[in-house]
Amino acid sequence: MTTLKSTLHDDLTAAIKARDELRSSTLRLTLSAVAYEETAGKSARELSDDEVLKVITREAKKRREAADAFDKGGRPEQAERERAEGEVLAAYLPKQLSDEELAAIVAEAVAEAKAGGAEGPKAMGAIMKIVNPKVAGRAEGSRVAAEVKRLLAG
């Protein structure tokens, strides 16, 4: 068992013993998503820590989107529950990049792409290929894309 997955199991056990309903249900759902990912495809396999991290990131994003949807639908108590679940998952994710750190990484990638001959809006794909490995797991794709578009437009 990978270390991140075993940490999730240990934390689930602790949450159940502490009768922490929010934490235990969130971790159960996350572990179920990990198990689903392990059995998806042609053959079952054990996920690496990076793959488990991607599943946790995806689950956290679902919580943010659900909270927004509940806010728009006029259900603030349900939106608050989704945000609380997102905070539980955020504890397992790497620290997110600040706007300044992200802007610096993107600016460096834009300069690198321009040196390679890519310019204007058509350079978006080339820049994203440079930036994505550097920010993997530390910034959401939509944030990265917005910053790249902003720098290419300006």
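Author: A crossing is left-handed if the near helix is turned anticlockwise from the far one by less than a right angle, and right-handed if clockwise. Helices (H or I, at least four residues) and strands (E, at least two) are DSSP runs, numbered from the N terminus. The crossing of α3 with α4 is left-handed. This is a predicted model, in which local features need pLDDT of at least 70 and side-chain atom pairs count only at pLDDT 80 or more, while totals for chains, interfaces and linings use all residues. Residues are numbered from 1 along each chain as its sequence is written, and side-chain values use heavy atoms, with hydrogens and water left out.

Reader: Why are α3 and α4 called roughly antiparallel?

Author: The pair packs at an angle of about 160°, and the axes are 8 Å apart. Axes are lines fitted to C-alpha atoms, for helices over the stretch in contact, and angles run from 0 to 180 degrees between N-to-C directions. Angles under 35 degrees count as roughly parallel, over 145 as roughly antiparallel, 65 to 115 as roughly perpendicular and the rest as oblique. The value for α3 and α4 is therefore in the roughly antiparallel class. Helix α4 covers residues 76–90.

Reader: Which residues make the contact of α3 with α4?

Author: On α3 they are Ile56, Glu59, Ala60, Arg63, Ala66, Ala67, Phe70 and Asp71, and on α4 they are Pro76, Gln78, Ala79, Glu82, Arg83, Glu85, Gly86 and Leu89. Contact means heavy atoms within 4.5 Å. By class this gives eight nonpolar, two polar and six charged residues. Ala, Val, Leu, Ile, Met, Phe, Trp, Tyr, Cys and Pro count as nonpolar, Asp, Glu, Lys and Arg as charged, and the others, Gly among them, as polar.

Reader: How do you know whether threonine 26 is buried or exposed?

Author: Buried means under 20% relative accessible area, exposed over 50%, partly exposed in between (1.4 Å probe, protein chains only). Threonine 26 has a relative accessible area of 0%, so this residue is buried. Threonine 26 belongs to helix α2. Beyond residues up to four places away in sequence, threonine 26 touches Arg63, Glu85, Val88 and Leu89.

Reader: What is the distance from the backbone oxygen of leucine 22 to a polar side-chain atom of threonine 26?

Author: The distance is 2.8 Å. A polar contact is a pair of N or O atoms within 3.5 Å; within protein, one must be able to donate a hydrogen and the other to accept it, and residues adjacent in sequence count only if both atoms are side-chain atoms.

Reader: Why does arginine 63 count as buried?

Author: Its relative accessibility is 6%, so arginine 63 falls in the buried class. Arginine 63 lies in helix α3, and its side chain reaches the backbone oxygen of glutamate 59 at 3.0 Å. Leaving aside neighbours within four places in sequence, arginine 63 is in contact with Thr26, Leu29, Glu82, Glu85, Gly86 and Leu89.

Reader: Why is arginine 19 called exposed?

Author: At 76% relative accessibility, arginine 19 is classed as exposed. Arginine 19 sits in the loop between α1 and α2. Its phi is near 55°, a positive value in a residue other than glycine.
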